[in-house]
Every structure is written in structure tokens, then in C-alpha cells.
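Open the model in your viewer and keep the selection panel at hand. We will go stop by stop.

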Amino acid sequence: MISRRQLLAGTALGLGVAAVPSVAAAEPKTTGRPRPNIVLVLADDLGYGELGAYGQRTIATPRLDQLAAEGLRFTDAYSAAAVCAPSRSALLTGLHAGHGPVRNNPAGDPDSIAFSDGDTTFAEVLRARGYRTGLFGKWGFGPERSDQPSHPNARGFDEFLGYITHSHAHDYYPSYLWQNGERLELPENESTKTTFAPDLFQDRALNFIRAHRSEPFLLVVTPNLPHAPSDVPNQQPYAAEDWPSADRGHAAQVTRIDTYVGELVDELAAQGLLESTVVLFTSDNGPHEEGGFDPDRFDANGPLTGYKRNLYEGGIRIPFIAWAPGRIQPGVTDRLTQQTDLLPTLADLAGVPGPRDIDGRSFSSLLEPRPTVAAEQPYLYFWRLDNGNTKRARAVDDGRLQRPAEAVREGNWKAIRWAPGKDRTVPDDQWQVELYDLAHDLGETTDLAAAHPEVAARLVGLLRQSWIDEVTREGYGLELDTPDLLLPGVTYDLTATLANGSAVPWTGARLALSAPRGWTAEPATSQGLGRLAPATRVSTTWRVRVPEETTAKEWPLTVSGYAVARDAPLTFRAERRVTPPPPPPTTDSYLSDLPWITAVNGWGPVELDTSNGRQAAGDGTPISFSGTVYAKGLGVHSYSEVAYHLGGRAARFTSIVGIDDFSARQSSRGNTIAEVWADDRLVHTSGVLRASTGPEPVDVDVRGARLLRLIVRAADSGNSFNHTSWADALVRLG
């Protein structure tokens, strides 16, 4: 593993220190101006050429064109990737796709593009400085669960309404959305297209401005417009055009975004906030061509070559507008700007020292009444690996669309390279490399790699050093280390850590815990409180005891971390909402009649016997081994782990475990190992279970155990015939 410290240390390791800003470059600026409110609107798949200010002549975008004329229009702004998940991750975290936590779109698995604790977003940075933060629209990271580190509430947003997962955001008339940690049901959309989700996001955004007009706020609006499909409540003002419906709908979507931005600006004016708010507008990648939409009808990529998924300019160059009357001078800038620059820029505007181990460089000096030159990243890095295979993008990539590809822009030189297959680790000489001079060839029509081999080789070196498989961050803000499961009557150690990942020292560092009513909590250890130098951390451990009895539906835990940086107070907050376990059994009970605490199953739901109807996905058939049928049981598929709360009341656990007849009928290849754990004690391990050798009996002492866990894992590399059953699984109290 390469640590972030090594990454920052120097070029002797060949890691490319140029890819990460120096400590000095990451320091926050202080202008003496009041902290502005921030409104950021992020469109979905809006091309470089789809706004009038960027050359569009068919689709009407008058409000955005006005902002571009009155504000600062960026001509050379870029996403960090050609598809949305890695692009949006870079925007939020300041890390490009060679260093960031999310590098590809999901392949049907939301957990594959999830954030973790420590993946600091600009919302966390601004919230620490006292900003009220809200995000309304598409989030697109992690699973649809509330209390997990990839949820927007856990990544710095106080208020959230929208789609959590990437794929859910493809539905403009969803049957539900998420409002903070709860599902918001929209039953009217079950049978008809009634409630258009982007309109809900817009309403919430306007209400957010009204509700928080008296405090600094960060408002992020991420409508899924104009992503395919071309759904929209009406196709005005294009309903009469002699175009395919998908094109009329798409044009109406773009104009609808323009209307949304106009309404936000009007609300800022109504609340007297124009002089104290910076409005930013951008997109996440180039124009799509899905759902029947023809981007060429509208010249959606402008003078550029490529579409969504291409690393040519049309796939990654995006519109970007910054507007703040009385603050930002009208003009145009050709500064090379990637959306990784947003985090340090917003941190500067808020007067807070953000994390220094990022790729972005602040352009806040361009957003001042007397703008000055803003330092740039020495080069911009881009990555693409996606399963999408659309017609125009495939043609532009000359059949290489589904291969790993990466690009770099250094000055006016642009290099793109494609791996020969799916493996990005192959040697450099096996990649196909193209080189372009964007100063003279904006459309990337003439490959200069053969004419300038020395330039191509230098840029390939930058590409090679820009990818790190696993990056260890310095840490920024607050981390709370708690067990995944808390049980009544048990004492636990909870540790909170406050990390200064910024470039300036913090003073007055301290930590405080708020525990649920009825808990006892005493500090056990404290280290390093007070002054906190850059790249250092302080921690406190509390010894807490969970009460034996509870009527609570959840246990909220909150830790606050406090510090001062350059006379600016910082307050960080980390929360956990733990669900108390179900009551322990009061009589001898079959496990299939008890609720579990957690259930992980390698394939599908855990199957319960037919006498129990609580499994939402449907119960399995009765368990059978060699023709003998057992009415009570659990059917699982490796890897599986099912946990039950015993509360120290049970004496023995008995069962029969093995490869059941259901799996044996499919194949004789099934082979698993079953384990029984009582708290942290392994009390039973089976031999290798096979259909040919039959099941094994289990009879173990579990006296005093509060937690029972049943685990099934593959005995070898695993296969699809490892369906294993726990038959007559019974806990006895005496």
C-alpha cells in the first residue's frame, strides 16, 4: 500500500508529487470579506454546447446565458471522468479518478461506488465552519440505507431529498425518494406519471433558501436533468417542433434547468441575498445519446469531438459559470479548471482550511472584485472504464469504448491512451497513445504522437504516476469508532479522533460525547488535546455501558470535535444511530421463529421455513436431507452470516447443518464449512460439508452468550451450488 504521506513526499518514489498540490498551495486565503452563501447547481449529462453562452442556437437558456454574461464563464473547465459517478466523486472530494474513492460507474452494485468514513466532501468542510448544508436531487453513491457512511447525511449534508443510488436516479417519476434517513413514498407514481422528482427538488431548494436566509448556507441542487430518458411533464416550448419526441423532451429538459436556475436567483433576490451569495453552475460530463436522443441535432458538444464516455474533449469538457453580482467581475477565463478544484475553492470562500491531500487547486482569487491569477494544477488527469456501449461514442473511440482509457492535459498538449484489453496494469508500450495540440486542433483531428514522441512519452509518464491503487488519506475532521452492534447490558469502548489534515495548525482541540439517555459514559483515555499541528490527530476513548432494558427504537450517538484555525472556530460532528437488538428468547425457540439482528447471504435472501411469514422476499421450502424433511430451518448460500440476540439466557444450541437436497439436485459440487460463534468464541466448526457425505449434527454450550452467529463459507474457491441449510435450529434456555 502506498501511503498519502509517501505520495506527498517526493518524486524519488516515482509517484508524481505534481499530481498533488503542495502544502502552501492548499492554504486558505483570507480576504476579510464576509463568508458568502454558496449555491451549486450540477446538471446531469449536459454537453459543453447546450447553453446559449457556449454556442447553442436552438435550445433556449436565457437565464444561464445572463449569468454567464454577468459573471465569469470558464472556457476550459473539465469533469474528472466521462461518466457521472467518478466525476461527481471528484467534484465532492477534490480527488481525481486516479486517487479518488469512486473511479467507475456501478455495474448494478451500489456498494461498489460507496464513500467511506474519511472520504471528506466539501460539505463536511463548510459545515465545520458553521454552514447549513443541503443537497436536493441525485446523490448516486452507496446502498439505500440510512445509517451508513456513504449516505449524504454522513458526508456533510444536513438536509437531503433525492435518490441515493445511481440507477434509481434514472427514474423521473419514482415511487419513492429518500428524505434524510427515511423513505418518502410517492404512491401516486405507481400507476401514472404524477410527481416529477426534479420539481420536488426545486421546491425543497427554494424552501431551503427561505429557511436559512439568516445563516451561511451551502445549497447543492443536482437534478437528474437532462439524463435519459427524455421524460418531462411537457415538451414546451418545443412541442410543435418536427423532431422525434426524445429530442423535443431533451430540449425541454435543458430549458427546464434554465428555469430552475432563474427561480433560484429570483428567490435569492427576494430574500435580499444576491450580494452575499456565489452561484455556480456546471455539468458532470459530456452529452449523452441514450433513449433515442440525437445530440448532433443540437450540436450538444459544440466544436468538440466526443460524447459521454469518450475522453476526447466532448466527453469531459463542460460548461462552468460563476456568478455573484458585486463580487465576481464579468468576464471569460481560459484557466484549466477541473471540478476537483471546487473543494479548495469553496473552503477559501468560507474561510476554512480544508484538507491538503487533494488534487484540486483553489480558484477563489478569480471570484473577487479585483481578481488575481489563480494557481492551476500542473496537469489534469482523466480516467474511463465503463460498460456503456453507445453508438456515437463507440464510433469516436474507434471500437475501443469499453477498454480502460485515461487522458492528461498539460498546457495545450492532450494525450489519450487505451489499454489493449480490460487490464490497465499492462506495460506502457502495449497501450495505444494519441497526442493532440488543443491550441491549434480543438476538435482533436490530427494525432501528433508520431511527430512529437518526446511529448507523448512525457505525458504517458504523467498518466502512469497519476494512478494509485489504494490511497491512504491523512484524515480530516472527526472519526467515530464504534462496534457495528451494541447489545444491552454490555460495556464498550467508543473512540473519537479529530484529525487536522489541513495545512495550518489548529488550537483548542477537544472532543465531547453525547450518549443516549440511561447510558453511562466515562472518559477512559485522552491523547493530545489542545494544539493540533498539520497531519496530526487527537483522540478520546469513552467507556460506555448500555442499559440492560430499553424501550428505545434507536440509540443516537453523537461526538463533537472543536478547534480553532486562524481565529475561525471549527465544529465537526459525527453521528451513529444504532438500532437496539430484538428481545432475547423467553422460551425454547427455533431460530426460524425468531427475528435476527443481521443477515448476510451470498445469494438472495435467507430462506425461512414455511411456518414463518416474516421474510419479505418469501419463505423457502421445508429443509430436507437425503429425503428426510425438517419443517423448521434456514436456507443460506455462502458466504452467509446470520446473527441472533440471546441476551445471555440460552444454555444450548442444537441443529443439523449440511448441503441440502435442493442444492444436491443441481450438482454434487457443493462444499461448505459451517461455524457457530457464541459472542467472540468459536464453539463449533464442521468438517467440509458435501451432499455425498450428508449433514452434521450441532450441539453446543452457549451459556452466557449474548450473541449467536451462524456462518457458512465456501470450503474452496466457491461455486453456485453451495446452498446450505440449518435444520431444526433450536436454542434451549435450560
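Predicted model: local features only at pLDDT ≥ 70, side-chain atom pairs only at ≥ 80, totals over all residues.

Select strands β18, β19, β23 and β21. They form an open sheet in that order, with antiparallel pairing. Now colour residues 477-481, which are β18, and 520-527, which are β21. These two strands stand at the edges with a single partner each, so one side of each lacks a neighbour in the sheet. On average, neighbouring strands here are turned by 20 degrees against each other, direction ignored.

Pick T525 and look across: T541 in β23 stands opposite.

**Stop three: aromatic pairs.** Show the aromatic rings; the count comes to 26 aromatic pairs. Select F208 and F217. Their ring centres are 5.8 Å apart and their planes meet at 85 degrees, over the 60 needed, so this pair is edge-to-face. Both F208 and F217 are buried.

Next, select W519 and W555. Their centres lie 5.4 Å apart with planes at 75 degrees, so this pair is edge-to-face. W519 sits in the loop between β20 (506-514) and β21, while W555 belongs to strand β24 (555-565). The pair links distant parts of the chain, 36 residues apart. Is W519 buried or exposed? At 10% relative accessibility, W519 counts as buried. W555, at 2%, counts as buried too.

**Stop four: a cluster.** Select F115, W139, F141 and F157, which form one aromatic cluster.

**Last stop: charges over rings.** R73 lies over the face of Y54, 5.2 Å from the ring centre. Then find R183: its charged end sits over the ring of Y176, 3.7 Å from the centre.

Terms used: Residues numbered from 1 in each chain as written. Heavy atoms only, no water. Pairing = 2+ DSSP bridges. Helix = DSSP H or I, 4+ residues; strand = E, 2+ residues; numbered from the N terminus. Axes fitted to C-alpha atoms, helices over the stretch in contact; angles between N-to-C directions. Phe/Tyr/Trp six-rings, centres within 6.5 Å; stacked < 30°, edge-to-face > 60°. Buried < 20%, exposed > 50% of the residue type's maximum accessible area, 1.4 Å probe, protein only. Lys NZ or Arg CZ within 6 Å of the ring centre and 35° of its normal.
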